[in-house]
Each structure stands twice: as C-alpha cells, then as structure tokens.
Amino acid sequence: MRYARLGSTGLQVSRICLGMMSYGSSSWRDWVLDLDAARPLVRRAAELGITFFDTADAYSLGVSEEVTGTLLREFFADREDYVLATKVFMPMGEGPNSGGLSRKHILSSIDASLRRLGTDHVDLYQIHRWDPNTPIEETMEALHDVVRAGKARYIGASSMYAWQFAKAQHVADSRSWDRFVSMQDHYNLLYREEEREMHPLCLDQGVGVIPWSPLARGMLAGNRTRREKRTTRARSDDFADRLYNEADFAVVDALTEVAAKRGLPPAQVALAWLLHKPTVTAPIIGATKPGHIEDAVAAVDVELTDDEIAALEKPYVPHPVLGHR
C-alpha cells in the first residue's frame, strides 16, 4: 500500500479507501453483507494496509456505521491507526427535519453517528449532497462548530456543481470557518464530466478527490455485459441504469483489451487509471468478495503508459451531469 496526503492537509490516507456501504443490513439492499460476512473483508483490507474507511449515516439506516465501528475496533489497536469518514444529509426518518443540512440536523446527526461508530470523533465529516433548502452559511457554520467541538477533524463535500462548491468555500474563507478539504464525486472511466469544472477547481484549491463508484457500479469489473447482468447487485441496481448507457460499453471493450494485453483484471486497470490522475487521492471501492480488495490494492502499483491511457480514454462519450441528487 502507498499513502498520500488528503489534498493540502497533513492527513495521510491509504491510496485505496474501503467504502462501507456494502456492509450493514440486507433488509436495506439485498446485496449488503451483515457483520459476520463483512468481517473477513475488513480484516483483509487492514492486513493489506488500507487505513481509510468511508461510510454514511444513511447506509443501512445507521447499521453500516455500527458495523464499521465494530470492525475497525477489532482490527486496529489504536484509534490513530485509521482514518474514518462518514456523511450527513440523507433522510434518517420521516420527520421534516430528519434530513438535509440544517444546523439542527447536522448537530444531531454527528452525535448519532458517533454513538453508532463507537468513537468520540470522525476524521472526515462530509455533506452527502448539496441542500438547496438551507442557506450555505448555516451549513458551513454548523460544520465549523462540529470541528471546533472536536467531533470531526476535517470536513468534506460530495457530488455537486463546481459553482456550489466554490460558493461554500468562499463562505467559509470569508468568515474564517473550516473549509472543505475533500470532494467525494462521481468519477470513473465511464463518467468523466468532473474533469471539466470540478477537478480543475479542486487541483487549484488543494482539495483531495476521493471518487465514489470508481468501477462504475461494477460495469468496469464485468458485472454486466450488453446482454446480461451477472450479479445480484447489477440486477437490482436501477440507479446504474440511469448513470450509464449502451455507448459506455465501448469504453468497457477498450478496458478489456488493455487489461488483457497486460494480463491483469480489468478492475485493476480501471483503478490504476484513476490513480494516475493528479486530482485523485483515493478511489472509494466497494468489496463483497476478497478478490475485490486484492485487485484494488494491486492497482496501486500498476503503471500505465501514455498509450494505454489514451486507448482507455478515446471511446469516451460525454454524459449529462449525473449523480448530484
């Protein structure tokens, strides 16, 4: 494993982040693994040097945080040995204040997350999406107060428009509040629209990028073809059907060809492509089998040539902006 600073902070994270959405309760999603099934996967991640773990309060409606906290305490002797991230925004109940980025919801949500995680702080507290119904000044002040209270070390953001991210950073800077140090956005070989505005902004501002769905919800790992969906998740993932389309299989074909010439699994090459991007600190991978983790960690040492990168990028077809909601 290799490690890198998250953006311009001094925080060191593994180049691969393990996303914990896959662990929690199958009653939330049928492909989610429970505590016992998740245990060997998180153990293997720790053995291979992964120290960066990302979850959210909404994953399995809190159960993911419970599983995450339990397993990290099992496999790491010291709280300082790993970097823990969670998120706030998605509804956690039926009430009008059960979601969003109001001061009320943020301050109650961080306390609830810490209880479920079994820790007194998270290293990275992220807003899961942009809240059009709350003034950004209210949100940024509440997040600043979370950091000042010692409940989070840093704050981060997730998918939004570049103008929204720039506005949030300006509000924080103008009031000497904590600013976002990371951007968790939708970015992979099949969806590269973030290269237009968001990534140049992050590079200029020293913000670390930690992409979600780096394997395009499994498409880049071969969980579906033009003719069939091969896994339980692929067959039940309507969201992926809205994100990707038939034209994207040309990119999958190019990936398969480059990977075959190198004698590597396509997933390794797809992650290696991401890790070559100067904005990307750590892709957030999902893993429901040990091989998923092995491939991800091996990708850190895969060096792609300029010709291979060009071949991977050539078939790309522009997409409408997706994933912000």
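**Exercise 1. Describe how helices H5 and H6 pack in this predicted model.**

Step 1. Start with the axes: those of H5 (residues 162-174) and H6 come within 9 Å and cross at roughly 25°. Helices here are DSSP runs of H or I with at least four residues, strands are E runs of at least two, and both are numbered from the N terminus. Axes are lines fitted to C-alpha atoms, for helices over the stretch in contact, with angles from 0 to 180 degrees between N-to-C directions.

Step 2. Now classify the angle. Under 35 degrees counts as roughly parallel, over 145 as roughly antiparallel, 65 to 115 as roughly perpendicular and the rest as oblique. H5 and H6 are therefore roughly parallel to each other.

Step 3. Look for the residues that meet. Ala-162, Phe-165 and Ala-166 of H5 make the contact with Met-198, Leu-201 and Cys-202 of H6, where contact means heavy atoms within 4.5 Å.

A note on the model: it is predicted, so local features need pLDDT of at least 70 and side-chain atom pairs pLDDT 80 or more, while totals for chains, interfaces and linings use all residues. Residues are numbered from 1 along each chain as its sequence is written, and side-chain values use heavy atoms, leaving out hydrogens and water.

**Exercise 2. Is Asn-188 buried or exposed, and what does its side chain reach?**

Step 1. Find Asn-188 in the loop between strand E8 (180-184) and helix H6 (198-205).

Step 2. Check its accessibility: Asn-188 has a relative accessible area of 0%, so it is buried (under 20%; exposed is over 50%, partly exposed in between, with a 1.4 Å probe and protein chains only).

Step 3. Follow the side chain of Asn-188. It reaches the backbone nitrogen of Leu-190 at 2.8 Å, and that of Tyr-191 at 2.8 Å.

Step 4. Leaving aside residues up to four places away in sequence, Asn-188 touches several residues, among them Ser-213, Tyr-244 and Trp-273.

Conventions:
A polar contact is a pair of N or O atoms within 3.5 Å; within protein, one must be able to donate a hydrogen and the other to accept it, and residues adjacent in sequence count only if both atoms are side-chain atoms.
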